[in-house]
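The report below describes the fold of each chain in turn and then the contact between the chains. Please read it beside the sequence and the 3D structure.

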Amino acid sequence: MHSYDYVLLLAFFALVLLPAPLLGRFYFKVMEGQRTWLSTLLGPLERGCYRLAGVDANKEQSWQQYTLALLAFNLAGFVLVFTVLQLQGYLPLNPQHLAGQEWSLAFNTAVSFVTNTNWQSYSGEASVSYLSQMLGLTVQNFVSAATGLAVLVALCRGIARRSAKTLGNFWVDMTRATLYGLLPLCLVLALLLVWQGVPQTFADYVHALTLQGADQTIPLGPAASQIAIKQLGTNGGGFFGVNSAHPFENPTAWSNLFEVASIILIPVALVFTFGHYVKDMRQSRAIIAGMLALFLIGGGTALWSEHQANPALSSPLVEQSAPLEGKESRFGTTASVLWTVTTTAASNGSVNNMHDSLNPLSGMVALVNMMVGEVIFGGVGAGLYGMLLNVLIAVFLAGLMIGRTPEYLGKKLQAREVQLLVATLLVMPVGVLVLGALAASLPGPAAAISNPGAHGFSQLLYAYTSASANNGSAFAGLGANTTFHNVMIGLGMLIGRFGYILPVLALAGSLALKKSAPVGQNSFPTHGPLFVTLLVVTILLVGGLTFLPALALGPVTEYLSLGL
Amino acid sequence: MTTHIRPALSLILLMTLITGAVYPLVVTGIAQVAFPDQANGSLLRDGQGQVRGSQLIAQRFEGDAWFQSRPSAGDYATVASSASNLAPSNPALAERVKSSAAQLYIEAQGPVPLALLTTSGSGLDPHLSPAAVAYQLPRVAAARKVAPEALQLLVEQSTLHPLIGPPVVNVLALNSALERLAPASK
């Protein structure tokens, strides 16, 4: 580690932690319809949207209506993206005359962007037109993140409200999240990125004659605007095929800092938003502490692992240093690891180095971050509602230990709530282990593997973990663009998204209905170090026990075989 | 369900208009005025106005008279960019690294820097570490018949030291400067 590595880490934590309390308060005000400094500008636009859509902004919805609205909106988004991708060959803004995507690829891509996953079985510059990038993918980058935020505030209201039948209005929550929550930040980030060198143009690809006289095609496009939302909305789908490793997508050490901090800027802030909902900032600090602890455990392990030279390359002719295969010179080891840990902790999935080439234990940290369900900050909205599920499970476990009815912030957890919690615990195992095992045991799908030995299994494990966790990053050597994987990974993404959203909204509805039990002396406090420890242990145990055998077959075996 | 159809369709269309069309257009408008050079791909042009590349995109350089770029798994293809995705345990990686090392190794200069033996994430990495440039310097100086000290000065001038990242040299910029200093004999 060099001095610039420490400066980078310091700058990263400052950028994500310092603005969080203020930004979190801003999100609370926005989602509750209070005036902010943006209201003058965006208020008329917001009201115009409601008028055109026939939405009564003051009419709240029950959890069932809220869920139906969300599903209808996501379905409409899916149909739109699927159609645009299939028909892009006949549509304008396609200077490279790219053909429409084959149906299973279009299905996979559309599901991927609607579920905030951004798994990419395609390479952007070679198979998606400017129009598809803008109207199809960029839009879903915004509204899938807004959907996550809407579900989160519905759950917050469910916990905060007493004897209430409604959770808010999905249309209003989604619109406010997009217009106030995402657009202004994206505009700022997009311009910062252009300043650092990211293209933003509608001109055709440029033809160049290299210094040595060879022909070179320089791909361009409206990249900065899409890259800004793909980072801030925890989406992760690259404008260019190699994502933020591409020098046009992430040109400098500075653009790298802006992009990596943007991944968890909003997820960190939303933890404070929760504190405003339940009027108890101690709860926010406890959750942040739990998330940070998990982030630092994983981050420390990955940093150590990735600074080890690869013994397989040992030779007197070769410099023995931290591995560089799949890494960019301008980032080096520390910025690459920081990105890997952040993008998998949050459900972002963008990469600035190739995860397939990471040392085994660094790759395993990425896997574990996703396997625990994307709750270490996690996706916009999705991370915190996932974390709150873990909080409730920890509270339930604590209740079992002391033999009292578990309660969280005055809400008793009874049979229905616990059933819903258990349903969400099944999402990751079903998506990863059932679908992954199917892919690994059928000869056709397993042929997608590109690396021999234990790492080959890790490639499949990573793909199905990434899909189910709605992350979207990959051990990208996997040849995943086959009908089988496109459909199954698509299925994994749907299970991973709606397998959480439906129980979470049901839970929110059920909690909202409850009266508040007075917080007594015997209530288990959910803000001290004891609870934070219990929470971290719960997350690691639930995730760890489920996936330990799979991890042993993949990265652990590879680690041992390399003799690192 | 039917009550949700109108808002669902209208709002997806409205959001498409706002975030899919207006937003990228506004960013493009501001970017083209404020940062026209970067927004259009940081293109390098020669005296005749011919585009010779982008400062940010690596080019292939062959021959002793040029500083060679970071190796590229995609052979410097720009459409589409690609990486090797070789696992650390893949024997193909060790074979490739060791055979390139055997070609590049110069006894007097010690082991070959790893950056010259490994492919980057994008296949288009425009930079090299100063050590990887220094390793090539005696070869380039001899081929161009330039004093190594003069070349060393050029390298130092082309080295970037960002506060938060490793020092790097832009190989295309360095080679362009080199052509002005001492053109390679054609």
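## Chain A: overall fold

The secondary structure of chain A comprises 20 helices and 4 strands, where helices (H or I, at least four residues) and strands (E, at least two) are DSSP runs numbered from the N terminus. Its radius of gyration is 23 Å, close to the 24 Å that the globule rule gives for 564 residues, so chain A is as compact as a globular protein of that length; the radius is taken over C-alpha atoms, and the rule is 2.2 Å times the number of residues to the power 0.38.

This is a predicted model, in which local features need pLDDT of at least 70 and side-chain atom pairs count only at pLDDT 80 or more, while totals for chains, interfaces and linings use all residues. Residues are numbered from 1 along each chain as its sequence is written, and chains are lettered from A and ligands numbered from 1 in the order in which they are written.

Of the 564 residues in chain A, 63% are buried, meaning that 20 or more other C-beta atoms, placed from the backbone, lie within 10 Å of the residue's own. Among contacts in chain A with a separation of 6 or more, 79% involve residues 24 or more positions apart, a contact being two residues whose C-beta atoms, placed from the backbone, lie within 7 Å.

## A hairpin in chain A

Strand 1 (residues 206-209) of chain A pairs with strand 2 of chain A in the antiparallel sense over 4 bridges, pairing being assigned if DSSP finds at least two bridges between the strands. The two strands form a hairpin with 5 residues between them, and A:Gly213 in the turn has a positive phi of about 85°.

A:Gln216 stands opposite A:Ala208.

## Chain B: overall fold

Chain B has 6 helices and 5 strands, which follow the pattern α-α-β-β-α-β-α-α-β-β-α along the sequence. The radius of gyration of chain B is 22 Å, well over the 16 Å that the globule rule gives for 186 residues, so chain B is more spread out than a compact globule.

An automatic or database domain assignment gives domain 1 (2-37) and domain 2 (41-181) of chain B, and the C-alpha centres of these domains lie 40 Å apart.

## The contact between the chains

The contact takes 105 residues from chain A and 87 residues from chain B. On the side of chain A that touches chain B, the largest share, 9 residues, comes from helix 8 (residues 170-196) of chain A.

Methods
Buried ≥ 20, exposed ≤ 12 C-beta atoms within 10 Å, placed from the backbone.
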